[in-house]
Amino acid sequence: PSSFINVIFKGQALREMYDRRSSWVNLQAFLFEAKFEDGSIFEMQVNPEFKDKSMAEIEAKKYAFLIGQLPAVLRKNIQTSWIHKGMESMGGGNNNILIHTGDAEALERDGILEETLIHEASHTSLDSYYAKNYGWQEAQRKDNHFISRYAEENPMREDIAESYLPYLAIRYRPERISKSLKKKIEQTIPNRIQFFDERPFNMYPME
């Protein structure tokens, strides 16, 4: 399910956006207000390279719907989403979700677009609260293992985003992974799992 309600076209206006193809740019973006069932609202800023309002709206609706599938805790710090063409990687942080549609379509074909959005939204809505949290760092120390090499190589920057996705899998969608994978996650990061369990996260619409 998705908590997404609709997008409303607000016109075109100058916005500073990050584009991995060229760094920071100022563009006359197509602007859409995305609304969600929990009352949250954020602005979808679509690169004018999509030519017209109708084409831009297709992109805004598609990604607002997908973001609406995320639990509310991962959407709470999102204020904007930048949407560009290109095969560049998605990104999180800056109270934003960065989307390059070429890369997103490739992730969709591989069946991992939603998983990537969870990773990036974890950067946006969890890192600033927990990456330097004593309890989280204690959980890392007690586990003495990382869920991925990427997390191990970047323990401050990537461990929360890498760990939260498997946490969601075992707690909210265990039927989508094998029993052996579930067991491996539980054995690798038990203290991180407990850390997430103890937080009062709003998980709508996942529960």
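Mentor: Let us begin with the charged pairs: this model, which is a predicted one, holds 14 salt bridges.

Trainee: What makes the pair Glu108 and Lys62 a salt bridge?

Mentor: The side chains of Glu108 and Lys62 meet at 2.9 Å, N to O, and because the cut-off is a side-chain nitrogen of Lys or Arg within 4 Å of a carboxyl oxygen of Asp or Glu, the pair qualifies. Glu108 belongs to helix α3 and Lys62 to helix α1, so that the pair links distant parts of the chain, 46 residues apart.

Trainee: Why is Glu108 called partly exposed, and how is Lys62 classed?

Mentor: Partly exposed covers what lies between buried, under 20% relative accessible area, and exposed, over 50%. Glu108 has 40% relative accessibility and therefore counts as partly exposed, and Lys62, with a relative accessible area of 26%, is likewise partly exposed.

Trainee: How do you know that Arg157 and Glu158 form a salt bridge, and is Glu158 buried or exposed?

Mentor: The closest N and O atoms of Arg157 and Glu158 are 3.3 Å apart, which is judged against the limit of 4 Å, and the pair is therefore a salt bridge. Glu158 has a relative accessible area of 4% and is therefore buried, whereas Arg157, at 48%, is partly exposed. Elsewhere, salt bridges that share partners join Asp19, Arg21 and Glu49 into one network.

Trainee: Why are helices α6 and α10 called roughly antiparallel?

Mentor: The axes of α6 (residues 134–143) and α10 (residues 190–197) come within 7 Å and cross at roughly 155°; angles over 145 degrees count as roughly antiparallel, and α6 and α10 are therefore described in that way. By class, their contact has five nonpolar, three polar and three charged residues.

Trainee: Which residues of helix α3 are buried, and what covers them?

Mentor: In α3 (residues 101–109) the buried residues are Thr101, Gly102, Asp103, Ala104, Ala106 and Leu107, and what covers them includes α1, β4, β6 and α4. After α3 comes Gly111, whose phi is positive, near 75°.

Technical notes: Residues numbered from 1 in each chain as written. Predicted model: local features only at pLDDT ≥ 70, side-chain atom pairs only at ≥ 80, totals over all residues. Heavy atoms only, no water. Buried < 20%, exposed > 50% of the residue type's maximum accessible area, 1.4 Å probe, protein only. Helix = DSSP H or I, 4+ residues; strand = E, 2+ residues; numbered from the N terminus. Contact = heavy atoms within 4.5 Å. Axes fitted to C-alpha atoms, helices over the stretch in contact; angles between N-to-C directions. Parallel < 35°, antiparallel > 145°, perpendicular 65-115°, else oblique. Nonpolar A, V, L, I, M, F, W, Y, C, P; charged D, E, K, R; others polar.
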